[in-house]
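Hi,

Here is the structure I promised to pass on. Have a look at it first, and then read my notes on helix packing and the cores below.

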Amino acid sequence: MSTEVTHRRRVSAALPDFPWDTLAEVKAKAAAYPGGLVDLSVGTPVEPVDPLIRAALSSVAEVPGYPTTHGTPELRANAVAALARRFGITGVAEAAVLPVIGTKELIAGLPRLLGLGAADLVVIPEVAYPTYEVGGLLAGTRILRADGLTRLGPEKPALIYLNSPSNPTGKVLGVEHLRKVVSFARARGVIVASDECYLGLAWDEPAVSILDPRVCDGDHTGLLAVHSLSKTSNLASYRAGFVTGDPDLVAELLEVRKHSGMMVPFPIQAAMSAALADDEHESVQRERYRARRETLRSALLGAGFRIDHSEAGLYLWSTRDEPCRDTLDWLAGRGILAAPGDFYGPSGSRHVRIALTATDERIGAAADRL
């Protein structure tokens, strides 16, 4: 066996099973229910892409040349303006915006892009989107699940992932919590990467960025904020996102990505630019999710579930105070598929994640079945 093949198998062996591959049996059970499957297991949009964004995509479809890794000046300017307009994030330099091929790609590759390895520690939330762990595994780093800084002891991590609002729990980290993380990281030269994919979907509590002046005092040193257009702009199929923050860190990522050929296609950049310049389509989609959340939340509570956190985001972190796979089976008996909490770490083993990303008709069907 060649060294190349051995290494490839060694890398893949370090990764966990792909979580959704484990749901085949329970999905088949749910799909057999009269009236069909209600799939609330994934956070994928179901509404069509807004015509304004599609027009921007097609308007440059004839352009044959390579796109720039750094993104067009228009895209970067529109990203800076949208961050200020939508979230009150100021002081972002246009040069410190870097489009990425979907934020999952960026999150999974970030430790490697930063040159981390076996000697480095990556800290992820205790209940977390699986890709944070995957990023560390791909780079060969050590990984620690910790929500509190006290668990770190004297050890200095290389990278801390934050996710607020959280996937899967919908928990929101407040200004004071984020300030403590920034202060801790700055004192030790630690990079903080904040996944802010759901920042525009706060329901019960306001959500703030790691780059918010109230959090970082306008100093972005050592901070990266990751933003996705998959959710309220419905651009999951476009693989459209960007990272911003510390200009030096973004420049480092840009240099590695240029050498690697990691470029967002030019038509996608045009679509992103249009989406970032328009708030109306985003507001419309947000209201759809708000209505679906109210319908599902009421139905779950009426069926005896408890909903924890879930102040923001696209999910209801729900429990029947039993092992999550038992709850998954109970829901499948009613034609509903959810995501088991153990996907997200041992602390999630008695919860299920129920997504708001289905049509009004399917959300209504789920509510009736509950």
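In helix H12 (residues 324–332), the buried residues are Cys324, Thr327, Leu328, Trp330, Leu331 and Ala332. Keep in mind as you read that this is a predicted model.

The axes of H2 and H12 are 8 Å apart and the helices pack at an angle of about 25 degrees. Angles under 35 degrees count as roughly parallel, so H2 is roughly parallel to H12. On the H2 side the contact is made by Val26, Lys29 and Ala30, and on the H12 side by Leu328, Asp329 and Ala332. By type, that contact has four nonpolar residues, two charged and no polar ones.

**The cores**

The largest nonpolar core has 43 residues, and those touching the most other members are Leu162, Ile210, Leu229, Leu235 and Tyr238. Several elements give two or more residues to this core, among them helix H4 (73–87), strand E5 (159–163), helix H7 (175–188) and helix H10 (266–277).

Leaving aside residues up to four places away in sequence, Ile210 touches Leu162, Leu178 and Val182, and its other contacts include Ser194, Glu196 and Cys216.

There is also a second, separate core of 39 residues, which includes Cys324, Leu331, Ala339 and Ile363. Two of those names, Cys324 and Leu331, are also among the buried residues of H12.

Cheers

Technical notes
Residues numbered from 1 in each chain as written. Predicted model: local features only at pLDDT ≥ 70, side-chain atom pairs only at ≥ 80, totals over all residues. Heavy atoms only, no water. Buried < 20%, exposed > 50% of the residue type's maximum accessible area, 1.4 Å probe, protein only. Helix = DSSP H or I, 4+ residues; strand = E, 2+ residues; numbered from the N terminus. Axes fitted to C-alpha atoms, helices over the stretch in contact; angles between N-to-C directions. Parallel < 35°, antiparallel > 145°, perpendicular 65-115°, else oblique. Contact = heavy atoms within 4.5 Å. Nonpolar A, V, L, I, M, F, W, Y, C, P; charged D, E, K, R; others polar. Core = buried A, V, L, I, M, F, W, Y, C linked by side-chain atoms within 4.5 Å.
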